[in-house]
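Please consult the sequence and the structure shown below while reading.

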Amino acid sequence: MNDSSPTSASASAPGTAAARPAVVLDVWCELQCPDCRGALDDLRALRERYGDRLELRLRHFPLDKHQHAFAAAQAAEEALEQGRGWPYIEAVLGRVEELARAGEPFLVEVAGELGLDAEEFDTALIDGRHILIVDADQAEGKAIGVTGTPTYVIGGERLDGGKSQEGLRERVEEIADRLLAEQA
């Protein structure tokens, strides 16, 4: 899936074709999660290292303990629809404390800051047009054993980053390198 897909935020630009099939890294994430914010540097490094060879997909897994996580997941889907998924995701994750304090108005504010249609964001949060995508991601996550965020799935392996980020990027790189070598 690429960034124009309503169900994922991909590292590759819309409409670009990879020279060879991409390895998929699903990142089960929650936009009010401090641990997910901590994973941003690793995700940026992976995107920089692999480019189009690694398809990075955001998968929603809002946790009950974070009051605004479900709305934030819907807002991320609206940002994807408006073509600015990753910039929006990174902006919200970078300010999880503000999201916790301000809630949905903060999500609309960030959209405006990024030049997105803030009025459409507000409408999307009210009409719930992205709820089914978020629900489907969460159900799939539960089905494969995701219990916290961030959790990574690459090459059929699930890596839990909610307990510790220590060594996860290196493990993702090992798996990605192996999978890419198998494709060559």
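In this predicted model, the axes of helix α2 and helix α7 (residues 131-143) come within 9 Å and cross at roughly 115°. Angles of 65 to 115 degrees count as roughly perpendicular, and α2 is therefore described as roughly perpendicular to α7. The crossing of these two helices, α2 and α7, is right-handed. On the side of α2, the residues that take part are F70, A73, Q74 and E77, and they meet I131, I133, V134 and D135 of α7. Sorted by class, the contact of α2 with α7 comprises five nonpolar residues, one polar residue and two charged residues.

Helix α2 (residues 69-81) also packs against helix α6 (residues 118-127), and the axes of α2 and α6 come within 10 Å. Their crossing angle is roughly 130°, and α2 and α6 are therefore oblique to each other. Here, too, a right-handed crossing is found, as α2 passes α6.

| Helix pair | Axes come within | Crossing angle |
|---|---|---|
| α2 and α6 | 10 Å | roughly 130° |
| α2 and α7 | 9 Å | roughly 115° |

A pair of aromatic rings is described by the distance of the centres and the angle of the planes.

Where in the chain do Y88 and F121 lie? Y88 belongs to helix α3 (residues 85-93) and F121 to helix α6; the two are 33 residues apart, and the pair links distant parts of the chain. Are these residues buried or exposed? Y88 counts as buried because its relative accessible area is 0%. F121 is likewise buried, at 0% relative accessibility.

Finally, the chain may be considered as a whole. The protein has eight helices and four strands, arranged along the sequence in the pattern β-α-β-α-α-α-α-α-α-β-β-α. Of its 184 residues, 48% count as buried. Among contacts with a separation of 6 or more, 71% are between residues 24 or more positions apart.

Terms used: Residues numbered from 1 in each chain as written. Predicted model: local features only at pLDDT ≥ 70, side-chain atom pairs only at ≥ 80, totals over all residues. Heavy atoms only, no water. Axes fitted to C-alpha atoms, helices over the stretch in contact; angles between N-to-C directions. Parallel < 35°, antiparallel > 145°, perpendicular 65-115°, else oblique. Left-handed = near helix turned anticlockwise from the far one by under 90°. Contact = heavy atoms within 4.5 Å. Nonpolar A, V, L, I, M, F, W, Y, C, P; charged D, E, K, R; others polar. Buried < 20%, exposed > 50% of the residue type's maximum accessible area, 1.4 Å probe, protein only.
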